[in-house]
Amino acid sequence: MTAQRYWKPYKDGHLPFALTPATYHLRNRTQGISQASGNPTQNQPNEKFSATTHRPSITLPAYAIRQPTRPTRPKEPTMPSPLVLLPCLTGLIFLALGLTLNRKRLAENATPTLPRLILIGPIFYGASLGVFGTEHFTVARFIQQGVPTWIPFPLFWTYVVGIGLLAAGLSILANRVVWLSAPLLAGMIFLFVLTIHLPRLAHLHDRVSLAVLLRDTAFAGTALILTALHRPRTPWLAPLGRATIAIAAIVFAAIYIGHPQTALGLPLEMLSPAWLPAPHTFATIGAILLFVSGAAILAQRRIPLAAAVLGSWLTLVTVAFYLPIFFMAKGTGAQIEGMNYVADTLMFAGTALIAGLRPEAPESTIR
């Protein structure tokens with residue numbers, strides 16, 4: 001009786017929706033749409049009375065049902081992230097600064113036995129330090145995770161390391177107080193090897209941990225060579241630094257022979273991309289150059305030539321291989337990875353070139 005008392009449609013055929021919460025319900029929407037599709041008056045609500053529930057029921061027309069929408073793909077950012085832009089900008093500024101400040105030395109000190117490319121080694125080395133130093137500020141929260149747990153205030157030490165890398169890079173590029181910055185840099189990197197990379201290698205026993213340990217040891221050995229160039233009383237540091245570079249190059253060659261699918265330059269985690277033709281052939285060429293150059297440097301035979309060959313190969317890999325990977329990377333994470341591989345390989349190219357500098361030769365001394 002109550003339903004019949006209040007059931008009074010309007011003249012236009014629509015229901016009094018003010019009473020809907022109390023007296024009406026929507027039933028069988030999909031069935032109602034199919035019924036309305038054959039009704040020429042489907043634009044009007046189809047009103048029926050349910051005798052079982054004594055409640056009126058409504059069948060909504062098709063236009064009243066909200067259709068599901070397809071998910072839209074998020075737009076990719078048009079500008080690179082500051083996490084990528086700032087380290088790249090710092091590296092480019094450091095590279096331009098090094099070339100500008102050392103243009104006279106590059107023009108005057110080049111000789112047939114000391115190619116100009118070898119003299120660019122400290123510039124590559126210092127520019128890469130600028131990239132890694134800036135990353136210790138832009139992605140400090142991520143880098144601090146690599147600090148051993150027994151060291152307090154990991155974020156603070158991350159910033160300290162970043163300042164040290166930037167200061168050492170500027171010192172090497174400007175050729176000022178290298179006698180102090182180079183041994184401090186060598187000691188800091190050796191500390192990383194002992195506290196981070198060596199325990200990791202002992203725990204994981206994988207080739208990537210071995211490659212990272214040898215890479216950073218070679219970086220520290222390069223700082224020892226720079227120390228010997230600026231401290232005449234420590235010439236014995238140069239052979240020690242060259243030995244770390246040579247051993248790393250020989251072991252890298254062996255890794256490439258066993259894992260030819262690894263990306264060129266340094267045998268780290270990245271694999272050769274699909275667009276590189278004959279990746280195993282290039283890996284074999286790189287392994288041969290690494291082994292021959294490393295053996296010559298270790299045996300102290302034609303060191304400038306061996307250093308120039310190895311440094312040229314790594315520079316070519318940086319420009320022709322890792323730069324395209326960096327520019328084709330999509331997303332901030334992939335761009336950061338590509339940027340690190342560019343700076344890493346360029347720094348090892350500078351490391352190989354610095355191995356050709358000898359403190360006993362006056363023309364090779366960086367003044």
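**Aromatic residues at the surface and in the interior**

Let me begin with phenylalanine 156, which has its place in helix H9, residues 154-174. Please bear in mind that this is a predicted model.

I turn now to the aromatic pairs. A pair of aromatic rings is described by the distance of the centres and the angle of the planes. How many aromatic pairs does a search of the whole structure find? The search finds eight. One of them joins phenylalanine 252 and phenylalanine 348: the ring centres are 5.7 Å apart and the planes stand at 50°, so this pair is tilted. Phenylalanine 252 belongs to helix H12 (residues 237-258) and phenylalanine 348 to helix H15 (residues 332-354), so the pair ties together parts that are 96 residues apart in sequence. Phenylalanine 252 is buried, at 0% relative accessible area, and phenylalanine 348 is buried, also at 0%.

Phenylalanine 326 and phenylalanine 327 form a tilted aromatic pair, with 5.4 Å from centre to centre and 55° between the planes. Here phenylalanine 326 is buried, with a relative accessible area of 15%, whereas phenylalanine 327 is exposed, with 63%.

Finally, I draw your attention to one aromatic cluster, formed by Trp275, Phe321, Tyr322 and Tyr341. Thank you for your attention.

Technical notes
Residues are numbered from 1 along each chain as its sequence is written. This is a predicted model: local features need pLDDT of at least 70, side-chain atom pairs count only at pLDDT 80 or more; totals for chains, interfaces and linings use all residues. Side-chain values use heavy atoms; hydrogens and water are left out. Helices (H or I, at least four residues) and strands (E, at least two) are DSSP runs, numbered from the N terminus. Rings of Phe, Tyr and Trp (its six-membered ring) pair if their centres lie within 6.5 Å; planes under 30 degrees apart count as stacked, over 60 as edge-to-face and the rest as tilted. Buried means under 20% relative accessible area, exposed over 50%, partly exposed in between (1.4 Å probe, protein chains only).
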